[in-house]
Structure formats: structure tokens, C-alpha cells
Amino acid sequence: MNQHGGEMKMKKITALLATALLLAACGSSSEPEKTGHGETAKDNNGDYATADIKVKGDDVVEITLDETKEGKSKKELKEEYNMKAASSIQKEWYEQVEFLENYIEENGLDAVKLDDAGYPAGDDVKAGCTINLTNLMNAANAAKEAAK
């Protein structure tokens with residue numbers, strides 16, 4: 001086979017792969033988006049976590065996480081929550097949760113691994129989120145389950 005014949009074969013293979021990927025992408029877009037809400041039980045102080053999720057098949061399209069402490073949303077408190085000084089990555093609680101939300105949207109819920117104490121186990125999550133995630137992930141999983 002000459003060089004020209006080899007190039008033609010590669011172009012055909014590339015075109016077939018591109019078509020297959022395009023068809024696969026089109027097939028998954030026919031699934032409807034579903035939404036779900038989840039929250040953890042209130043602890044002794046009345047604190048709890050919430051999650052609202054939008055999924056398409058198994059993919060997380062959008063997720064919103066929050067915790068309520070002493071009747072106030074930590075996201076709404078922003079800098080008033082005053083975590084930045086105690087944070088090893090110098091980020092407020094809401095900034096860390098925004099990082100986590102983006103991470104989940106890009107990688108899925110199952111990509112977030114926790115250690116035995118409930119903190120992120122993977123360096124990819126720890127790079128932007130070092131808070132305890134037990135309640136947030138429980139709420140997120142409950143929301144995903146509710147979206148089915």
C-alpha cells in the first residue's frame with residue numbers, strides 16, 4: 001500500500017469515529033432533564049444541608065449546595081461566615097462550595113471521595129475545597145435519587 005492509500009484509510013477511520021461520537025452525543029441528548037431536592041435531617045442545633053440538582057441521565061447538569069447554621073444560609077452569609085482565616089486554602093465556605101459544585105458538574109457525584117472523617121480524599125477536590133463534606137454529599141446523593 002502506498003502512502004496515499006494509508007492516508008485515505010486514516011481519513012475514513014477518522015470520519016467514522018467522528019460520526020459515531022456525534023451519533024452517541026445526539027442519542028444522549030434525547031433524555032429529559034430531571035430535577036431533585038435533598039436535605040439532611042436537622043442536627044441538635046437545627047443545622048442541616050440542602051442540595052438541588054438537575055440531571056440528564058446519569059450526568060449532573062447543575063447542582064446547588066448549601067448548609068444552614070443557626071437558621072442562616074452559609075452561602076448567603078458569604079464573608080460574614082468568617083472561615084477564610086481558618087482555611088488552609090484561604091477560601092471562604094461559599095467559595096469552597098462553589099468549587100465543589102463546579103467539580104461535581106464536570107466530574108459527577110461519584111468522583112467526590114471522602115476520607116473516614118468526611119473530608120475530601122482526592123487532591124483534585126482538596127485543591128479548592130477542604131471542608132467536611134459529609135452532610136453536603138448526603139444531601140447531594142438524596143437530591144440525585146429524588147431526580148430519578
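These entries record what I looked up in a predicted model of a single chain.

**Overall make-up.** I began with the secondary structure and found 5 helices and 4 strands in the chain. Reading from the N terminus, I noted the order α-β-β-β-β-α-α-α-α. I then turned to burial: of the 148 residues, 32% are buried. For the accessible surface I recorded about 9400 Å², with 50% of that area belonging to carbon and sulfur atoms. I also looked up contacts between residues at least 6 apart in sequence, and 45% of these join residues at least 24 apart.

**Strands 2 and 3.** I next examined the pairing of strand 2 (residues 48-56) with strand 3 (residues 59-69); the two run antiparallel and are joined by 9 bridges. K56 has D59 of strand 3 as its bridge partner. The hairpin leaves 2 residues between these strands, and there I noted a positive phi near 70° at G57.

**Strands 3 and 4.** Strand 4 covers residues 72-73 and pairs with strand 3 over 2 bridges, in the antiparallel sense. Here I found K72 of strand 4 as the bridge partner of K69. This hairpin has 2 residues between its strands, and E70 in the turn takes a positive phi of about 55°.

**Q96.** I located Q96 in helix 3, which spans residues 93-107.

Terms used: Residues are numbered from 1 along each chain as its sequence is written. This is a predicted model: local features need pLDDT of at least 70, side-chain atom pairs count only at pLDDT 80 or more; totals for chains, interfaces and linings use all residues. Side-chain values use heavy atoms; hydrogens and water are left out. Buried means under 20% relative accessible area, exposed over 50%, partly exposed in between (1.4 Å probe, protein chains only). Contact means heavy atoms within 4.5 Å. Accessible areas come from the Shrake-Rupley method with a 1.4 Å probe; for residues, only the protein chains shown count as cover. Two strands pair if DSSP finds at least two bridges between them.
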